[in-house]
Amino acid sequence: MHGGPNGEMDWLTFPWTDDINAHIDALTDPVDCIVLGRRLAEGFIPTWAAGPEGEDQASIDKMNNTPKVVITRTLTESPWENAVVGDDLAATVNHLKARPGGDMIAYGGGTLVASLITEGLLDELHLFVNPTAIGAGMPVFGDLGRYQRLRLVTARPFDCGITALHFEPKRA
């Protein structure tokens, strides 16, 4: 699950430990574009712009200075600084993949992640499993319409109890 029945996130494990922070820093270091769904962007972008408590200035600057693309069918222009909107997921992501530069990362809930998987647009999938059973809620993948086979690349537990699973989609 990626959220409680009403999207609650109070089950997430905090504070994070140095080992998971270093892992996430290594994942995000080569990133030069962040892709978000509109609902996540509405909280994500303003939270980072305000400088979330407990985050170091280098992380805050990285998140704020990295260009963002918000996938949305409801906005025609971005209300956020350093972000543009796109309404065609496949065309937008394929355009971003074709350009020169660093890595692209997609943060997202079930709608965006499921769409990226369904469209075959993910090169890697990093799931962070929190040690909490919430019993019900919003699924990570929603309705994909078919099986999506994944190959486990690595599984890494962290001192705070979270385990990171790194997958690659199996291509037919």
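A residue is called buried when its relative accessible area is under 20%, exposed when that area is over 50%, and partly exposed in between, as judged with a 1.4 Å probe on protein chains only. The model described here is predicted, so that local features need pLDDT of at least 70 and side-chain atom pairs count only at pLDDT 80 or more, while totals for chains, interfaces and linings use all residues. Residues are numbered from 1 along each chain as its sequence is written, and side-chain values use heavy atoms, with hydrogens and water left out.

Within α2, the residues Ala-41, Phe-44, Ile-45 and Trp-48 are buried. They lie on the same side of α2, because they cover an arc of only 95° around the axis, the arc being that of the directions from the helix axis to the C-beta atoms. The buried residues of α2 pack against β1, α3 (57–65), β2, β3 (83–86) and β4 (103–107), where contact means heavy atoms within 4.5 Å.

In soluble globular proteins, nonpolar side chains tend to be buried together. A nonpolar core is a set of buried Ala, Val, Leu, Ile, Met, Phe, Trp, Tyr and Cys residues joined through side-chain atoms within 4.5 Å. The largest such core has 17 residues, and Val-35, Ile-71 and Leu-89 are among those with the most contacts inside it. At least two residues of this core come from each of β1 (31–37), β2 (68–71), α4 (89–98) and α5 (110–118), and α5 gives the most, with five residues. Apart from this core lies another, of 13 residues, including Ile-34, Ala-41, Ile-45 and Trp-80.

Elsewhere, three strands form an open sheet in the order β5-β7-β6, with antiparallel pairing; two strands pair if DSSP finds at least two bridges between them. Because β5 (125–129) and β6 (150–157) stand at the edges, each with a single partner strand, one side of each is left without a neighbour in the sheet. Five antiparallel bridges join β5 to β7 (residues 163–169), and Leu-127 stands opposite Leu-165 in β7.

Technical notes
Helices (H or I, at least four residues) and strands (E, at least two) are DSSP runs, numbered from the N terminus.
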